[in-house]
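Thanks for coming. I will take one structure today and go through a surface patch and some charged pairs.

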Amino acid sequence: MVLTKTKKYTSIKPTQKLVKDFLEEFKIRYPEFKKEHLIVDFSENFNIKIEELILFLKVSVQHKKNGTSFVLVYDGIDVDEIPDELSVVPTLTEAIDILEMDAIERDLGF
């Protein structure tokens with residue numbers, strides 16, 4: 001797992017080949033970045049099924065309860081099949097846009 005921290009968010013790029021292996025490491029290391037806005041970037045070298053993305057639903061819901069954002073980057077998924085509580089976008093630029101929109105919603109009290 002490669003972590004890149006900016007002032008606004010932490011980006012995580014998996015180095016594992018399988019989503020389940022990444023998720024195991026992610027859960028172990030989660031306390032390191034649980035209070036930060038997170039972007040998990042699966043844009044390179046991954047063939048992910050919707051069922052695997054949904055494994056992050058619990059983390060996403062908890063993150064939002066904590067007042068932080070959680071976004072997955074992956075292209076090639078029908079977003080209509082993803083639960084509304086899970087943000088999945090095709091590019092890093094769109095993930096950053098989601099973080100900004102979430103911040104606006106929090107500021108407005110939504």
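Where does phenylalanine 110 lie? Phenylalanine 110 is in the segment after helix H4 (92-108). Helices here are DSSP runs of H or I with at least four residues, strands are E runs of at least two, and both are numbered from the N terminus.

Before going on, the basis. This is a predicted model, where local features need pLDDT of at least 70 and side-chain atom pairs count only at pLDDT 80 or more, while totals for chains, interfaces and linings use all residues. Residues are numbered from 1 along each chain as its sequence is written, and side-chain values use heavy atoms, with hydrogens and water left out.

Back to phenylalanine 110. Its relative accessible area is 75%, so it is exposed. Buried means under 20% relative accessible area, exposed means over 50%, and partly exposed is in between, with a 1.4 Å probe and protein chains only. Together with Ile104 and Leu108, Phe110 makes a nonpolar surface patch of about 390 Å². A patch takes residues with over 30% relative accessible area and no salt bridge, joining like charges within 9 Å and nonpolar side chains (Val, Leu, Ile, Met, Phe, Trp, Tyr) within 5 Å. The areas come from the Shrake-Rupley method with a 1.4 Å probe, and for residues only the protein chains shown count as cover.

Now the charges. Side chains of opposite charge can pair when their charged atoms come close. How many salt bridges does a search of the whole structure find? Five, a salt bridge being a side-chain nitrogen of Lys or Arg within 4 Å of a carboxyl oxygen of Asp or Glu.

Lys13, Asp41 and Glu44 are linked in a network of these. Aspartate 41 pairs with lysine 13, with the closest N and O atoms 3.6 Å apart. Aspartate 41 is in strand E3 (residues 38-41) and lysine 13 in strand E2 (residues 10-13), 28 residues apart, so this pair links distant parts of the chain. Aspartate 41 is buried at 7% relative accessible area, whereas lysine 13 is partly exposed at 29%.

Glutamate 44 also bridges to lysine 13, at 2.9 Å between the closest N and O atoms. Glutamate 44 sits in the loop between E3 and helix H2 (50-54), so the pair ties together parts 31 residues apart in sequence. Glutamate 44 is partly exposed, at 48%.

Finally, arginine 29 and glutamate 32 form a salt bridge, with the closest N and O atoms 2.9 Å apart. Both are in helix H1 (residues 19-33), and because they are three residues apart, about one helical turn separates them.
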